[in-house]
Amino acid sequence: MTAAPPLCTIVPPYVLDHLAEAGHEPAARSLLLDAAHRSTRHAALPAAPAAPAAPGTPGTPGATGLSRVIADTGHSERLPGRTVRTEGQAPVADRSADQAYDGLGATFALYADAFGRRSVDGRGLRLDATVHYGQDYDNAFWNGKRMVFGDGDGEVFGDFTACIDVIGHELTHGVTQFTAGLEYRDQPGALNESVSDVFGSLVKQYALRQGAADADWLIGAGLLAPGVQGVALRSMKAPGTAYDDPRLGKDPQPAHMRDYVQTAGDNGGVHINSGIPNHAFYLLATALGGSAWECAGRIWYDALTGRRLPADADFTAFARATVAAAKARYPDRSSIADTVTAAWAQVGVSPG
């Protein structure tokens with residue numbers, strides 16, 4: 001039996017663990033739900049790409065090929081929920097549903113416009129999402145078939161549909177699922193998470209038309225509730241500085257291989273050590289300048305989708321793939337490949 005794609009959540013388990021140990025009930029319930037979903041995914045086969053919707057039915061693709069269906073569980077834990085908005089319909093009287101709809105569209109736009117990719121599978125997969133999942137659910141996740149959003153508890157986390165980069169991050173797990181299939185453990189798992197942070201940030205930058213120098217390079221800015229001592233879940237510009245709060249703990253991400261965290265938790269530190277390749281991308285994008293999706297993003301996309309990257313790729317293998325992608329994409333501009341190599345060297349990774 002083929003292994004199912006992993007359940008990928010935006011809030012790392014160690015953050016929820018820290019909250020739960022401090023007596024935060026929503027975090028404890030969220031951990032239980034996440035564990036149940038992971039158990040379900042391990043017993044399932046990967047989802048096959050959805051068939052295109054028939055003309056005139058909910059979810060019929062628009063002129064661009066984009067097709068979205070938003071459902072609402074009404075705070076239950078029964079997926080997928082009741083359909084509340086489909087492709088081409090006007091906004092509804094539900095901010096979360098509309099934000100999810102817009103975030104799916106923004107992610108589709110980046111991949112289509114910048115990389116010529118038709119949805120997460122490259123074949124026009126319909127984008128499904130569920131909002132208002134559970135009671136005060138403190139997470140959002142991609143389960144191999146759909147996006148699922150909690151409302152947050154209002155005390156530590158807000159509505160997870162409010163951050164476009166969170167949506168881009170989670171849908172990019174789908175892109176990885178359909179391309180390199182990076183294993184969700186240790187360094188390949190950290191690459192899996194990092195790639196999602198990279199393209200999640202690019203979704204936001206593309207939507208705002210920001211250059212690399214103007215972007216905040218934060219993942220989940222605006223997700224933390226007022227009073228929480230932090231600015232986001234992660235910082236690509238300065239890993240390890242996103243938050244330092246008595247309830248959340250301190251951001252544990254390293255920015256360099258000398259600080260690589262050896263741990264059995266978090267699938268071998270997939271949300272922790274992703275700070276290292278995250279920072280390499282930030283250094284490359286700001287060194288190249290301009291719009292990060294145009295050159296740096298293209299190199300990362302080529303490395304991910306080039307079908308030469310093994311599922312168990314470590315940081316060195318991915319660094320080599322990005323250098324090779326830069327040489328193939330820009331054969332007359334050797335300085336770009338040199339800049340890629342230099343960015344990796346600054347975080348302690350040598351492509352060789």
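Contact here means heavy atoms within 4.5 Å.

**Figure 1. Confidence across the predicted model.** The structure shown is a predicted model. The protein chain has an average pLDDT of 92, and 92% of its residues score at least 70. Over residues 41–59, pLDDT stays under 50. For this stretch the model has 38 contacts beyond four places in sequence.

Figure 2. S194 lies in helix α5, which comprises residues 186–208. With a relative accessible area of 2%, S194 is buried, because buried means under 20%. Apart from neighbours within four places in sequence, S194 has contacts with S274, P277 and N278. N143 is 51 residues from S194 in sequence, and the two C-alpha atoms are 18 Å apart in space.

Figure 3. The phi of D186 is near 50°, a positive value in a residue other than glycine. D186 counts as partly exposed, at 34% relative accessibility.

**Figure 4. N267 in helix α6.** Helix α6 spans residues 266–269 and includes N267. Although N267 is not a glycine, its phi is positive, at about 55°. The relative accessibility of N267 is 40%, so this residue counts as partly exposed.

**Figure 5. Packing of helices α9 and α10.** Helix α9 covers residues 315–329, and helix α10 covers residues 334–346. The axes of the two helices come within 8 Å and cross at roughly 165°. Helices α9 and α10 are therefore roughly antiparallel to each other, since angles over 145 degrees count as such. The crossing in which α9 passes α10 is right-handed. On the α9 side, the contact is made by F318, A319, T322, V323, A326 and K327. On the α10 side, I336, A337, V340, T341 and W344 take part.

**Figure 6. Packing of helices α8 and α9.** Helix α8, residues 296–305, packs with α9 at an angle of about 115°. The axes of α8 and α9 are 8 Å apart. These two helices are therefore roughly perpendicular to each other. As α8 passes α9, the crossing is right-handed. From α8, the residues R298, I299, W300, D302 and A303 meet F318, A321, T322, A325, A326 and R329 of α9. F318, T322 and A326 of α9 also belong to the contact with α10.

Figure 7. T176 is placed in helix α4, which runs over residues 164–178. At 1% relative accessibility, this threonine counts as buried. Setting aside residues up to four places away in sequence, T176 touches G181, L182, N192, V195 and L304.

Figure 8. R146 occupies the loop between β5 (140–142) and β6 (147–149). R146 counts as buried, at 14% relative accessibility. Beyond its neighbours within four places in sequence, R146 is in contact with A71, P80, D128, A129, T130 and F141. One of these residues, P80, is found in the loop between β2 (68–72) and β3 (82–86). L79 and P80 are joined by a cis peptide bond, with omega at about 10°. D34 lies 112 residues from R146 in sequence, and their C-alpha atoms are 15 Å apart in space.

**Figure 9. Surroundings of S119.** The loop between α3 (95–115) and β4 (127–131) holds S119. This serine is buried, with a relative accessible area of 3%. Not counting residues up to four places away in sequence, S119 touches F108, G124, L125 and L127.

Figure 10. A disulfide is a covalent bond between the sulfur atoms of two cysteines. The structure holds zero disulfides. For C8, the closest cysteine sulfur is that of C163, 18 Å away and so too far for a bond; the cut-off for a disulfide is within 2.5 Å. C8 counts as buried, at 2% relative accessibility. C295 likewise counts as buried, at 14% relative accessibility.

How values were computed. Residues numbered from 1 in each chain as written. Predicted model: local features only at pLDDT ≥ 70, side-chain atom pairs only at ≥ 80, totals over all residues. Heavy atoms only, no water. pLDDT = per-residue confidence, 0-100. Buried < 20%, exposed > 50% of the residue type's maximum accessible area, 1.4 Å probe, protein only. Axes fitted to C-alpha atoms, helices over the stretch in contact; angles between N-to-C directions. Helix = DSSP H or I, 4+ residues; strand = E, 2+ residues; numbered from the N terminus. Parallel < 35°, antiparallel > 145°, perpendicular 65-115°, else oblique. Left-handed = near helix turned anticlockwise from the far one by under 90°.
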